[in-house]
Amino acid sequence: MQTGFQNLAPYGQNKVVYYNKDGQLQYGLNKIDGYNYLFDKSSGAMQTGLQNLAPYGQNKTVYFASNGQMQYGQKQIDGHWYLFNKDDGAMQTGFQDLTPYGQNKVVYYASNGQMQYGQQAIGNHWYLLSKYNGAMQTGFQNLAPYGQDKIVYYNKDGQLQYGSQVINGKKYYFDKSSGKMYTGVAYNTDTRTIQYYATNGQMQFGKVNIAGKTYDFDDKTGNLLMQGLVTLGGKNYLLNSNYKAITGQQVIGNHWYLFSKYDGSMQTGFQDLTPYGQNKTVYYATNGQMQYGKQNIDGHWYLFDQYSGAMYKGWLMSGNDWYYYNQQNGQLQTGSAVINGVGYNFDGNGKQILNYSIDYRYALPAGKGDDETAANNYIILHDVGVESGAAANARYFHDTVDTNESYVTFVVGDGGKVYQVGRPGQVSWGAGRVANHNAPVQIELGRTYNSGQFWQDYVTYVRVARDMAGKYGIPLALDAGGAGTRGIKSHYWVTKNIWGDHVDPYGYLSRFGVTQAKLAHDLLYGV
């Protein structure tokens with residue numbers, strides 16, 4: 001009969017077990033020769049490594065070395081430091097003072113028991129734990145070794161400090177977001193005043209020489225004693241009669257300026273005014289004045305509203321020419337670009353180079369037709385419905401707009417020609433009130449029996465539809481969904497889903513073998 005520790009490998013089992021003096025296999029926690037061991041409660045196998053003792057009635061995690069003995073104190077396991085209570089072996093987490101373990105430092109162990117290093121956010125506070133030994137740092141600390149160019153301050157509890165602080169009788173200011181210690185000219189967000197901090201971070205009082213010029217700072221508060229537009233430390237500030245900084249948008253001498261709500265300084269360049277309650281991006285010149293109209297900035301053209309200064313983005317129709325200002329950065333587009341799935345070309349001045357030409361002889365003058373802006377939901381495709389060409393129908397729309405109250409935006413035909421009648425973007429009268437008010441562009445296709453002419457017309461018909469869909473951000477899908485589903489629509493779709501009795505343009509297109517599927521493909525991918 002065997003007793004004590006036994007390796008059962010010779011008996012076909014890969015485990016070490018323990019038999020007491022009576023030869024009985026032992027389970028659970030056992031103290032043997034002054035050491036604690038753990039034997040699996042089911043198999044009796046001696047346990048090693050980190051073990052949770054909850055199944056054995058104890059709410060703690062402990063560590064057993066390779067010889068099975070429970071460990072205590074600081075232990076390095078797989079390259080990580082852990083702490084096990086010197087009395088009961090329980091793995092420690094959170095902040096721990098290592099003085100009882102012979103080391104004069106406070107460290108922090110994560111929930112997995114591993115000692116932490118560097119900057120750590122713990123319980124809504126930032127702490128700094130030495131990158132070398134994990135010791136919690138206090139006082140002034142330069143974070144350059146931790147990848148951040150700033151000096152900060154941690155209180156006696158190791159917590160990063162913000163705002164105004166009195167340390168050893170001296171006043172300091174630490175950024176409210178980053179905790180960075182202020183030096184030089186600084187805007188105090190608490191008092192909305194301008195102050196000056198020496199290179200060691202201490203607030204200065206009285207007369208202070210800055211870049212060869214003397215400035216007065218209050219003997220008690222340290223606030224700059226100046227009013228109006230003040231230039232200091234390379235920045236401009238606007239101070240009221242109480243020496244407080246005026247922030248936000250301000251009019252000075254008939255010009256708009258912006259003074260930062262964060263540091264009080266006058267802003268230049270592109271600025272998003274959302275934090276100031278306005279949903280626009282504007283531009284301030286180097287003198288701080290808001291700019292308007294067309295501006296060349298760093299070699300790129302931009303357009304700013306002449307009244308509000310808001311940067312323009314998207315398509316712009318100027319006269320009969322089209323321009324595109326990038327939706328992301330507002331820059332005038334030149335060269336080639338794919339916009340809303342459609343390829344476009346622009347000359348060096350940003351004007352779109354059309355892959356078709358437009359004849360404006362039948363374009364309605366101002367005051368004729370509808371001047372209401374349509375919703376950008378549909379591009380509606382028609383054919384003229386009678387055996388006649390494009391020019392004849394465009395002229396008819398133009399001449400009878402007041403009596404027949406019917407017209408579209410473009411008429412295509414006569415060998416690939418395009419005649420404009422209505423103004424793109426505005427309501428036209430071709431498909432009933434609901435459809436009309438949701439279609440910035442409607443296109444008629446003139447008829448012919450000549451195959452060669454038809455294909456010229458058809459290619460241009462598709463090009464105009466794609467061009468206009470891209471400009472108004474309308475999906476290129478043909479006749480998809482029901483009423484309210486955005487996309488390119490046939491008059492037949494309008495009849496089925498909204499109102500009317502027309503079935504064009506499919507009957508005419510079928511004369512030359514163009515199916516709905518082919519039209520859909522060509523609108524999606526181009527011809």
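**Note on the predicted model: burial, contacts and cores**

1. A polar contact of 2.7 Å joins the side chains of asparagine 393 and serine 388; a polar contact is a pair of N or O atoms within 3.5 Å, where within protein one must be able to donate a hydrogen and the other to accept it, and residues adjacent in sequence count only if both atoms are side-chain atoms. Asparagine 393 belongs to helix α1, residues 390-404. Helices (H or I, at least four residues) and strands (E, at least two) are DSSP runs, numbered from the N terminus. Asparagine 393 is buried, at 9% relative accessible area. Buried stands for under 20% relative accessible area, exposed for over 50%, and partly exposed for what lies in between (1.4 Å probe, protein chains only). Not counting residues up to four places away in sequence, asparagine 393 touches Val384, Ser388 and Val411, contact being heavy atoms within 4.5 Å.

2. The model is predicted: local features need pLDDT of at least 70 and side-chain atom pairs count only at pLDDT 80 or more, whereas totals for chains, interfaces and linings use all residues. Residues are numbered from 1 along each chain as its sequence is written, and side-chain values use heavy atoms, with hydrogens and water left out.

3. The chain is divided into domain 1 (4-71) and domain 2 (356-525), with bounds that come from an automatic or database domain assignment. Between the C-alpha centres of domain 1 and domain 2 the distance is 85 Å. An unreviewed UniProt entry lists residues 364-506 as "domain: N-acetylmuramoyl-L-alanine amidase"; UniProt positions are given in the numbering used here, feature names are shortened, and annotations may be inferred rather than shown by experiment. That span, 364-506, is 34% helix and 15% strand, and its end C-alpha atoms lie 28 Å apart.

4. The largest nonpolar core has 38 residues, and those with the most contacts inside it are Ile379, Leu381, Ile443, Met468 and Leu519. Helix α3 gives the most to this core, with eight residues. A nonpolar core is a set of buried Ala, Val, Leu, Ile, Met, Phe, Trp, Tyr and Cys residues joined through side-chain atoms within 4.5 Å. Leaving aside neighbours within four places in sequence, the contacts of isoleucine 379 include Val441, Ile443, Met468 and Ile488. A second, separate core of 13 residues includes Tyr196, Tyr215, Leu239 and Ala245.

5. Helix α6 (residues 516-525) has Leu519, Asp522 and Leu523 buried. These residues cover an arc of only 100° around the axis, which puts them on the same side of α6; the arc is that of the directions from the helix axis to the C-beta atoms. Ala517 and Tyr525, on the other side of α6, are exposed. The cover over the buried residues of α6 includes β34 (378-381), α3 (451-471), β38 (487-490) and α5 (506-510).

6. Tyrosine 344 is found in strand β32 (residues 342-346) and is buried at 4% relative accessibility. Its side chain reaches the backbone oxygen of aspartate 467 at 2.7 Å. Not counting residues up to four places away in sequence, tyrosine 344 touches, among others, Trp315, Gln352, Arg466 and Asp467.

7. Methionine 115 lies in the loop between β10 (106-109) and β11 (118-122) and is buried, with a relative accessible area of 6%. Methionine 115 and histidine 80 are 35 residues apart in sequence and 6.8 Å apart in space, C-alpha to C-alpha. Among the residues that methionine 115 touches, not counting those up to four places away in sequence, are Gln74, Trp81 and Asn133.
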